[in-house]
Amino acid sequence: MNALPFSVITGFLGSGKTTLLSRLLRHPAFERTAVIINEFGAVGLDHLLVESSDEQILLLEGGCVCCTVRGDLVRTAGDLLARRAAGAVTAFERIVIETTGLADPAPIVHALMTDRNIADALRLESVITTVDAAAGAATLDAHPESVKQAALADCIVVTKSDLADPAATGLAARLQALNPTAPKLAAMHGAVDAAQLFDGRAYDPARYDPALFKTAAHRHGGINTFCLRREKPLHAATLSLFLQLVAEHCGAKLLRLKGLIDVVESPGRPAVIHGVQHVFHPPAWLDQWPDEDHSTRIVVISQGLEAQWLQDVLEILEKEVNACSIS
Amino acid sequence: MLQDTAWRTRTASVLSGALRLWDVAATVQCDDDGFIVATGGATLRIVPRAPHGWMIVRGAETLGVLAGMPGLLRQLREELAPQAKRGRLIIGAQSLL
């Protein structure tokens, strides 16, 4: 069975999530999109504002999808998939979930990636975060929820770019420091290049940007970003132990981890790793390196993790695995 | 040779960093036998075992014998920071490519 892509549109209150979604759904490529909208209040309104050529818009209300109604989200997604399989609804080709403005996207992604009833049928396409060009900087200062939303994004859409220049206000630099791995797109009245938002896969070698792995360490708003590097290849066992150790001890301090790994057992075919907090995709194997740099590079976005500690852990684990290796 | 100076420095750094991660106020010192982790209420010796592995000792009592750093950190946390939340790696079913 081909897994259906799902994407999460998140962003702080008033940052333009619904406007973006409404514009996207008018695009011909999104005719076959099922939409789940979460609203915090008892009476939802946002779904009334979304114009769609299809009726596949579902409302989750009465709580926030990242906490109180997470089970409802899983059930709703499961129901949608069952109705699609039964031919009871149009055969939609993707699911888009719009969160509340205060939501933490990580538990939503975790729920849909790991629930045994639906995880095989879905695959994460993208976490898209909207940031208001005019009010975004003040929002980042005042609301840690918005900082985490930006840090966890696969793609950041700077909305209302007609009202303010994010470069001039310093917002562009702040977003780059917070999340250097996410492309930043500008939207005016919700209009943005949809193809850049939904590229089909969580990792696309064709879109590899070496600059992402040359990021200097940044610290901003309680979020720090850094890149671990290693010139010599790692054993696969080391990688496995490293990820387990990080998940076990770093907990919610780890926001995102993305890496290209030179693996001893797979010369010339690097592994791609990609995780949202402690939940990871299975490692994927590329047929070749995407550029001339064949070193291991791991970009970490965290809330206070120490780069040197993680680098030391990696080196100690590799040394222990080497000592056990019989090859 | 596992136990060179660089390895000792790195190991002490890993232990110190883990204690900070768990919000445990403690010091880590190296001596000829291994490492000494001292908190306000407890002193633990961490002794490397050839050819690899670890032993955690409190006074005359051996608290554990571990095969590697993952086990060492896990037991240290259980001894010094049992309240620290323990995470678990989850590998989802969804392909990345």
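Two strands are taken to pair if DSSP finds at least two bridges between them. The model discussed below is predicted.

Q: Which residue of β4(B) stands opposite R45(B)?
A: Strand β3 of chain B, residues 43–48, pairs with strand β4 of chain B, residues 54–58. The pairing is antiparallel and runs over four bridges. Within β4(B), the residue facing R45(B) is V57(B).

Q: In what order do the five strands of the open sheet of chain B lie?
A: The sheet is open and its pairing is antiparallel. Neighbouring strands are turned against each other by 20° on average, direction ignored. The order in chain B is β1-β2-β3-β4-β5.

Q: Which strands of chain B stand at the edges of this sheet?
A: An edge strand here has a single partner strand, so one side of it is left without a neighbour in the sheet. In chain B this holds for the strands at residues 26–31 and 61–66. These are β1 and β5 of chain B.

Q: At about what angle does α2(B) run to β5(B)?
A: Chain B has two helices and six strands, and from the N terminus its elements run α-β-β-β-β-β-α-β. α1(B) lies across β1 and β2 of chain B, at about 165° to β1(B). α2(B) lies across β1, β2, β3, β4 and β5 of chain B, and its angle to β5(B) is about 145°.

Q: Which element of chain B gives the largest share of the side that touches chain A?
A: The contact joins 28 residues of chain B to 40 residues of chain A. On the chain B side, α1, α2 and β6 each supply at least two residues. The largest share, eight residues, comes from α1(B).

Q: Which residue of β6(B) stands opposite V279(A)?
A: Strand β12 of chain A, residues 279–280, pairs with β6(B). This pairing is parallel and comprises two bridges. The residue of β6(B) opposite V279(A) is I90(B).

Q: In which element of chain B is confidence lowest?
A: Chain B averages a pLDDT of 90, and 94% of its residues score at least 70. For the complex, the predictor gives an ipTM of 0.94 and a pTM of 0.80. Confidence in chain B is highest in helix α2, at a mean of 96. The lowest mean, 88, belongs to strand β6 of chain B.

Q: What percentage of the residues in chain B is buried?
A: The C-alpha trace of chain B spans about 50 × 35 × 20 Å along its principal axes. A residue counts as buried if 20 or more other C-beta atoms lie within 10 Å of its own. Of the 97 residues in chain B, the buried part is 23%.

Conventions: Residues numbered from 1 in each chain as written. Chains lettered and ligands numbered in written order. Predicted model: local features only at pLDDT ≥ 70, side-chain atom pairs only at ≥ 80, totals over all residues. pLDDT = per-residue confidence, 0-100. Contact = placed C-beta atoms within 7 Å. Axes fitted to C-alpha atoms, helices over the stretch in contact; angles between N-to-C directions. Buried ≥ 20, exposed ≤ 12 C-beta atoms within 10 Å, placed from the backbone.
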